Each structure stands twice: as structure tokens, then as C-alpha cells.
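I opened this model to take notes on a few places in the chain. My entries follow in the order I looked things up.

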Amino acid sequence: MPELEETPVAAGEGKPELFFEEEDLQYEEEILRNPFSVKCWIRYIEFKQNAPRHVLNLIYERALKELPGSYKLWYNYLKQRRKQVKNRCVTDPGYEEVNNCHERALVFMHKLSPENAEEYIEYLRSIDRLDEAALRLATVVNDERFVSKEGKSNYQLWHELCDLISQNPDKVKSLNVGAIIRGGLTRFTDQLGKLWCSLADYYIRSGHFEKARDVYEEAIQTVMTVRDFTQVFDSYAQFEESMIAAKMETTSELGQEEEDDVDLELRLARFEQLITRRPLLLNSVLLRQNPHNVHEWHKRVKLYEGKPREIINTYTEAVQTVDPFKATGKTHTLWVSFAKFYEDNGQIEDARTIFEKATKVNFKQVDDLACMWCEYGEMELRHENYDQALRILRKATAIPAKKAEYFDASEPVQNRVYKSLKVWSMLADLEESLGTFKSTKAVYDRILDLRIATPQIIINYALFLEEHTYFEESFKAYERGISLFRWPNVYDIWNTYLTKFIDRYGGKKLERARDLFEQALDGCPQKYAKTIYLLYAKLEEEFGLARHAMAVYERATRAVQPSEQYEMYNIYIKRAAEIYGVTHTRSIYEKAIEVLSDEHAREMCQRFADMECKLGEIDRARAIYSYCSQICDPRTTGSFWQTWKDFEIRHGNEDTIREMLRIKRSVQATYNTQVNFMASQMLKVSSNATGTVSDLAPGQSGMDDMKLLEQRAEQLAAEAERDKPRAKEKILFVRSDASRSELAALSRQANPDEIDIEEEEEEGDESEENEPDEVQLEQQCVPSAVFGGLKTD
């Protein structure tokens with residue numbers, strides 16, 4: 001607040017004297033009791049209205065010092081001061097004093113219209129009164145109720161204040177720049193970079209370069225975001241570059257001296273060190289953001305590569321700082337890397353110390369502690385301390401004083417690690433390699449007792465027993481594994497068990513093998529049944545009965561997945577043909593055709609018909625084609641109809657071909673009556689430029705679509721009825737209903753049993769001139785002796 005100036009005394013008046021009367025004491029006491037009451041001051045001023053002007057002015061100054069925002073006091077005071085200079089010359093010093101009073105009134109009374117404060121501040125800046133402008137701007141920033149007419153936020157006003165006081169240190173004297181900017185650092189935590197740069201800029205412009213460096217160093221050690229760090233670091237680097245450039249320019253102008261060389265080298269070294277430190281400083285920022293980021297700690301160690309002391313300090317700080325329950329990443333990797341650092345430097349004892357400490361850390365997951373034990377054991381193995389490695393793993397798997405379930409998060413991991421399969425698996429491998437048969441078997445049995453085994457562990461155990469010729473023990477291990485798991489996890493155990501059992505005993509224990517297969521197939525999902533059924537059938541083929549093998553194949557066709565049935569039927573047919581002959585496959589083909597999907601059934605029918613042709617059963621083959629035709633849409637299965645046609649040309653006659661064509665049209669009519677196809681046909685007709693709806697049912701264009709479809713279906717059925725063959729007659733001797741072109745083509749066949757007839761020409765009408773010439777038969781007399789006594793006269 002500006003100090004109230006003393007009221008000057010007019011020339012010749014001498015030193016002002018204060019006159020107090022008894023009534024004055026009354027008003028003074030009232031003011032002392034309540035100095036912030038405007039009424040008390042007004043009554044006192046009215047009482048002293050006739051006092052000398054310097055006394056009256058002094059009372060006004062006292063009142064305004066207590067109430068600087070009182071409009072009434074300022075108004076009366078200014079009115080009084082103007083009255084005192086009335087009729088005086090404009091050059092009289094009294095005018096300047098009155099003007100100063102008006103200036104002070106404006107300073108205090110702009111609280112009456114705070115929205116115009118920015119205009120006043122801008123005016124102060126324009127007349128270069130920056131100190132007062134900074135004071136007013138600081139007042140605005142601290143006023144939470146202030147609303148900017150220009151739409152500026154409180155941060156923008158604060159930033160303007162920082163720029164004003166930092167860029168004009170020689171003109172702003174009334175404010176503590178450092179305190180103001182540091183106050184902003186605690187207030188605007190999302191803009192720390194700019195504020196730190198403003199504070200450093202203030203010291204740079206003030207000529208305090210070392211203080212500026214201290215500010216930059218403090219900033220890069222405290223900022224929390226990469227953005228703020230980038231702003232501060234770039235400003236810091238630019239400052240150092242400018243210092244180097246200034247020194248070089250000064251040296252070139254004033255001449256070079258030895259001290260200047262030292263100073264320049266020092267500045268260059270400082271700048272190089274700053275650039276070198278950047279990755280490490282940035283890593284520090286990221287760790288301040290999240291001190292539990294394991295990945296960043298590893299990066300920090302790499303940045304200190306070649307500096308063992310700093311690496312050790314970093315690892316030590318990391319394992320002490322990172323909380324396993326808050327960590328981002330695997331906490332145990334820090335301990336492992338710490339121990340490996342000592343190991344790589346030949347300090348095995350120190351590495352063991354690190355591992356021992358790590359095994360006592362309360363990690364978040366049991367797997368983290370298990371990894372520590374395994375890494376501890378692997379370190380001993382790398383240094384060929386095999387007994388030590390076994391001791392470590394046995395210690396890790398020892399039963400704790402207080403047992404706990406593996407997933408019981410309320411218990412520390414040290415009480416749960418004894419159920420970690422990772423540690424047990426490594427111990428089992430070490431026991432197989434370094435221990436005895438008895439110790440290894442004890443480890444595997446312990447794993448099974450804890451019920452933490454996997455199918456692979458079961459298989460490994462059984463293979464271990466088999467290697468030591470304990471075959472029945474290995475089979476017992478398989479049995480224990482089967483009792484522990486359900487489908488589909490037990491599949492690998494069953495597959496290995498059955499294979500090993502057959503390899504061991506072959507057909508010596510056939511009934512036992514059959515029981516095992518039946519157990520395996522009991523509840524076996526379709527997805528895994530194929531392999532077991534094939535293995536079962538192979539057993540029966542090699543060591544059992546053929547009919548049993550066929551029964552297994554037949555069961556397999558029903559037990560496998562629908563997508564595997566076709567392949568299973570192919571295997572079944574092949575094995576049946578090899579064992580019993582192709583005639584035994586007829587029933588299998590028939591069953592396959594009934595069960596399989598249409599696509600696979602068509603392929604099976606064609607193979608079935610081909611087999612019957614090879615056996616000479618033409619009628620059987622024809623019946624199969626006729627049966628298969630019912631699932632063959634001529635629009636999509638042209639290959640089937642072509643195959644049937646080729647068959648009839650090779651083995652049929654005119655009537656069989658006619659029958660095939662009739663069946664084809666009948667099937668086509670059947671498929672045409674399907675709703676989807678008829679709807680598409682109707683859309684096709686309706687979209688045809690030359691066709692109309694009446695084409696489907698002439699004369700009934702007003703009928704609905706469904707009725708039109710029904711009539712079209714009846715029309716197609718009538719056409720199929722007309723295509724039925726008439727009474728059979730002797731071929732080639734009596735003229736039939738076939739076209740003459742067809743008969744002529746038949747007469748030209750090299751093989752009289754082969755007929756090449758095109759479907760399109762089956763109903764075509766040819767002209768009479770294309771008819772073949774009739775064969776003239778020569779008539780001869782039959783001798784009467786032939787008839788003997790039968791001939792009458």
C-alpha cells in the first residue's frame with residue numbers, strides 16, 4: 001500500500017500545530033474504539049470543519065489510512081482539497097498536491113470497478129511505471145473473485161506477472177520476485193517448467209548467473225513430467241550456450257588472456273557435462289513419477305555402465321525403494337540382476353548374500369520367490385557347485401512351519417513357495433542328474449502327494465522309472481496321473497501310457513490292454529477319440545481278432561467328431577477290404593451314406609458305385625446312382641450327373657439313359673420348389689425387361705406371389721410326368737419314341753454297348769430328311785421239311 005504523504009504546509013504558515021479541545025477527546029476515544037467506522041470519522045470531520053486546513057487534511061489522511069476504500073471519505077477529501085486551491089494560479093504547487101491526491105484515489109478506489117483493473121495495469125505499463133503495475137497485477141492475481149474482462153485465466157494473469165517481474169528486475173523493486181514465483185510453483189503444478197524458466201530468467205537478467213544455474217539444477221532435480229523437464233533443460237542448455245558465446249565474443253574484442261582460456265574451457269566442460277547427463281536426468285524424472293517402475297531402474301543401471309560404484313548404489317536404492325505390491329514389472333529381476341552383477345565381477349559370496357536377502361523379501365507373487373530360488377540354484381550350477389545347488393533347492397521345497405495354500409494371498413510367499421511347481425521341477429531335474437534313484441523317486445512322489453503335478457511331470461516320472469527298468473512302477477505312475485486329471489488334460493498321459501504298454505507287452509496281456517482302452521474311451525471327448533480308437537484297432541489287428549478290430553472301427557465312426565467321420569469311414573473301408581475283401585464293405589458304404597453329410601455322402605456313393613462296377617454289378621451301381629441323385633442338385637453338382645451319364649453310356653441303353661434324364665428333371669423340379677430358389681426365380685423374372693409376372697401364370701396377373709409359385713411348381717411337375725418313359729420295346733428293331741438323330745448316333749458307335757447321347761437333343765424334333773434309311777430285310781422261303789408233319793395244307 002502506498003504511504004500516505006504528509007500534508008504540505010503553505011508558505012509562511014510555519015510548522016503545523018495541532019489544536020485539541022475537550023470535545024476532541026470524545027471523538028478520538030470513539031475512533032480508537034472503532035477505527036473502521038466511516039460514521040465516526042465523518043462526525044469527527046464535521047466537528048473540525050472550521051479548523052485550519054492542514055488539521056482537517058491530517059484528519060482525512062488518518063481516516064483514509066484506516067479506510068482506503070471508502071468512497072465517501074475520498075469524495076469529501078478531494079472536494080475539500082479542490083476548494084483549498086480554488087482561485088489559485090495553475091502553476092501553484094498546491095495543484096500538483098491535489099493531482100497527487102486524485103492519483104492516490106484512483107489507485108485505491110479501482111476496487112469500485114475491479115473488472116477495469118487490467119486497463120489500469122496496461123496504462124501503467126504504457127507509461128513505464130512497471131513497479132506499480134506489478135503491484136496491481138499481484139493484487140489481481142491474489143483476488144480469487146476477480147473476473148477478467150479479456151477472458152484470461154488466473155494462470156495467464158500469473159504468467160503475465162512472472163514475465164513482468166522476471167524481465168524487468170531493474171524496474172520492479174517492491175515485490176519479492178523469488179517468493180512470488182516459488183509461490184506459483186506450489187500453486188500451478190502443471191506448469192512448473194515455465195515458472196522455473198521465469199525464475200532463472202530473472203536471475204540471468206539481474207546478472208546473477210550462478211544463482212540462475214542453481215535454479216536450473218534445482219528445477220531438473222524436482223520436475224515430475226517429461227514436458228517440464230524438456231522446457232527447463234532446453235532453457236538451461238541455451239543459457240550455457242549463450243554464456244560460451246558471450247565469453248568468446250568478449251575475448252575476441254578485448255584480447256585473449258590465460259584466465260580467459262581457463263574460464264572458456266570451464267564453460268565448455270560444464271556444457272558438455274550437461275548434455276551428457278541428459279539421459280540420466282530424464283530417467284530421474286520418470287522415476288520420480290513412478291519410483292516402483294522396475295524397467296526404469298534397469299535402464300538407470302545401463303546408464304551407469306562402466307561405473308561399478310554407481311551401479312551398486314543404484315541397485316541398492318532400487319531394491320529399497322520398489323514396493324513389490326506397487327511395482328510395475330517383476331521386482332525379483334532387480335535382485336537377480338544385482339546378484340549377477342557381483343557374480344560377473346567374481347564376487348560369488350556377495351552374490352550369495354544378495355540371493356539370501358532376496359529369499360526373505362515378501363514378494364507379491366509366489367512365482368517371484370520361486371524364480372529367486374531357481375536363479376540361486378542356477379548360479380551355483382554355473383560354478384559347478386552341484387551339492388550347493390541341491391541344498392538350495394531342497395531348502396526351497398522344505399515344508400514351512402506354517403503351511404498355507406498356494407493362492408492364499410493373506411499369507412507371505414515364504415509359507416507358500418513349497419507348493420511351487422517351478423522349484424520342484426528344477427529339483428527333480430537336479431535329482432535325476434546328480435542324485436540317486438531313491439532321492440529322485442522321492443521328489444516325484446512328493447510332487448504327486450502335493451497334487452501340483454502336471455501331465456508332463458507324470459510322463460517324465462514314468463519315463464524315468466522306465467529308464468531304470470521299473471516298468472510296472474512306471475505304469476503305476478501313469479495310473480496315478482490318470483486319477484489326478486480329467487479330460488482333456490489326461491489325453492497325453494493316456495496316449496503315452498497306452499503306447500508304452502503295447503510296446504512293452506504286445507499281445508501278452510491282451511485283456512488288460514483292452515481294459516485300459518475301454519477306461520480311456522470312457523468319457524473321452526470326440527476331439528481326442530480318433531487317436532485312441534486307431535491305436536485300439538491296431539492292437540486288435542496285430543494281436544487280437546479281426547472282428548474285434550472291425551467292431552472298434554465301427555465304434556470309432558460314431559465316436560469321433562462329425563468333421564472326422566468321413567476320414568474314419570475311409571480308414572474303416574480300407575481295413576475291411578484288406579481283411580475281409582471288398583464285398584464286406586457294402587454295409588459300411590451304406591452306413592456311411594446314411595450318416596455323412598451330403599457332400600461326403602455323394603463322394604462315398606460314387607466310390608461305392610465304382611466298386612460295384614469293378615465287380616460287374618451294373619444294376620447295383622445304377623441303383624446307387626439313382627439313390628445318390630436325390631441329394632444332388634443339378635445346378636451345383638454337375639460332376640455327379642456327368643459321372644452317371646458316362647456310366648450309362650458305357651454300360652446302359654436307351655431306356656436307362658431316358659430314366660437317368662427323367663430322374664434328373666424330377667430332382668431339378670424338386671429343388672426348384674424350394675422357397676429360396678423360387679423366390680430368386682421370381683425376382684429374376686420380375687427384373688427381366690421382356691418378361692412379366694403373367695409369364696408364371698398367364699391370365700392371372702392379379703394373383704399373389706405365392707399362388708404364382710404354386711402354379712409354376714405344378715407346371716414343372718407336369719413336365720416331369722410327361723418325360724416318363726413309355727412301354728419298353730426292342731431297341732433298334734421297332735421304332736421307339738427316341739429321336740432319329742439319337743438312333744443314328746447310336747448306330748455309329750464303335751462299341752454297340754456304348755451310347756453317346758446329348759441331353760439337349762433328347763426332346764428335339766428333327767426334320768424328316770435327317771431320318772436314317774430303314775433296313776430292308778430279304779425274305780426267303782422256308783423248306784417244308786422244316787415243319788414236318790406240323791404243316792397243314
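**Entry: a threonine between two helices.** I am working with a predicted model. I began at Thr585. I found Thr585 in the loop that runs between helix H28 (562–580) and helix H29 (586–595). Is Thr585 buried or exposed? Its relative accessibility is 1%, so Thr585 counts as buried; the cut-off for buried is under 20%. Next I looked up its contacts, leaving out residues up to four places away in sequence. Thr585 touches Ile573, Ala576, Ala577 and Met611.

**Entry: a charged patch.** Which residues form a positive surface patch? I noted Lys79, Arg82, Lys83 and Lys86. Arg82 sits in helix H4, which covers residues 71–84. I read 40% relative accessibility for Arg82, so I logged Arg82 as partly exposed. That class lies between the buried limit of 20% and the exposed limit of 50%.

**Entry: positive phi.** I went on to backbone angles. Asn87 is not a glycine, yet its phi is positive, near 70°. I placed Asn87 in the loop between H4 and helix H5 (93–109). Asn87 counts as exposed because its relative accessibility is 77%.

Thr469 gave me another entry of this kind. Its phi is positive at about 65°, and Thr469 is not a glycine either. Where does Thr469 lie? I found Thr469 in the loop between helix H22 (455–467) and H23. Its relative accessibility is 55%, so I logged Thr469 as exposed.

**Entry: a cis peptide bond.** H23 spans 471–484, and the loop between H23 and helix H24 (491–505) holds Pro488. Which residues does the cis peptide bond join? I noted Trp487 and Pro488, with omega about 0°.

**Entry: the whole chain.** How many helices and strands does the chain have? I count 36 helices and zero strands. The chain has 793 residues, and 41% of them count as buried. The chain exposes about 45800 Å². Carbon and sulfur atoms supply 50% of that area.

Definitions and conventions:
Residues numbered from 1 in each chain as written. Predicted model: local features only at pLDDT ≥ 70, side-chain atom pairs only at ≥ 80, totals over all residues. Heavy atoms only, no water. Helix = DSSP H or I, 4+ residues; strand = E, 2+ residues; numbered from the N terminus. Buried < 20%, exposed > 50% of the residue type's maximum accessible area, 1.4 Å probe, protein only. Contact = heavy atoms within 4.5 Å. Patch = residues over 30% accessible without salt bridge, like charges linked within 9 Å, V, L, I, M, F, W, Y side chains within 5 Å. Areas by Shrake-Rupley, 256 points an atom, 1.4 Å probe, with all protein chains shown as cover. Salt bridge = Lys/Arg side-chain N within 4 Å of Asp/Glu carboxyl O. Lys, Arg positive; Asp, Glu negative; His and termini not counted. Charge placed at Lys NZ, Arg CZ, Asp CG, Glu CD.
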